[in-house]
Amino acid sequence: MLLALMTMVGCEPVTYEVFATVSGTVVDATTMEPIEGVSVILSPSGKNTVTTADGRFEFAEVDAVQYTITVMKAGYSTNRKLVNAIAGETTETTITMEIKK
């Protein structure tokens, strides 16, 4: 009887997003122009990527936790930023870099 009741009600499984996406743009702190070829490291995931011509980067399907994004490029000072990745969402951020003096 319970099986018949469950069939009539229609038990749809509930799904939850468990992963997040972290993306953003790396820009020059003075000009606010995007910077291409910046090494971007997402810690503690260990993932890394390089920015595109428009200064963009993306880390898809990462755990929903707090990360430190580290950006590095020759001629610029290294910079870091904390972000909170939220399950089922894209966390968007902008990170500035200053030219080394």
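Modeller: A residue is called buried under 20% relative accessible area, exposed over 50% and partly exposed in between, with a 1.4 Å probe and protein chains only. This is a predicted model, where local features need pLDDT of at least 70 and side-chain atom pairs count only at pLDDT 80 or more, while totals for chains, interfaces and linings use all residues. Residues are numbered from 1 along each chain as its sequence is written, and side-chain values use heavy atoms, leaving out hydrogens and water.

Biologist: Okay, phenylalanine 57 and phenylalanine 59: buried or exposed?

Modeller: Both phenylalanine 57 and phenylalanine 59 are buried. They also form a tilted aromatic pair, 6.0 Å centre to centre with 55° between the planes; rings of Phe, Tyr and Trp (its six-membered ring) pair if their centres lie within 6.5 Å, and planes under 30 degrees apart count as stacked, over 60 as edge-to-face and the rest as tilted.

Biologist: How many aromatic pairs does that rule give?

Modeller: The count comes to one.

Biologist: Switching topic, which residues touch the most other members of the largest nonpolar core?

Modeller: That core has 18 residues, and Val22, Val26, Val40, Ile69 and Val71 touch the most other members. A nonpolar core is a set of buried Ala, Val, Leu, Ile, Met, Phe, Trp, Tyr and Cys residues joined through side-chain atoms within 4.5 Å.

Biologist: Where is serine 23, then?

Modeller: Serine 23 is in strand 1, strands being DSSP runs of E with at least two residues, numbered from the N terminus. Serine 23 is buried, with a relative accessible area of 2%.

Biologist: Which side chain makes a polar contact with serine 23?

Modeller: The side chain of glutamate 92 does, at 2.7 Å. A polar contact is a pair of N or O atoms within 3.5 Å; within protein, one must be able to donate a hydrogen and the other to accept it, and residues adjacent in sequence count only if both atoms are side-chain atoms.

Biologist: How many bridges pair strand 1 with strand 7?

Modeller: Eight bridges, in the parallel sense, where two strands pair if DSSP finds at least two bridges between them. Valine 27 stands opposite threonine 96 in strand 7.

Methods:
Helix = DSSP H or I, 4+ residues; strand = E, 2+ residues; numbered from the N terminus.
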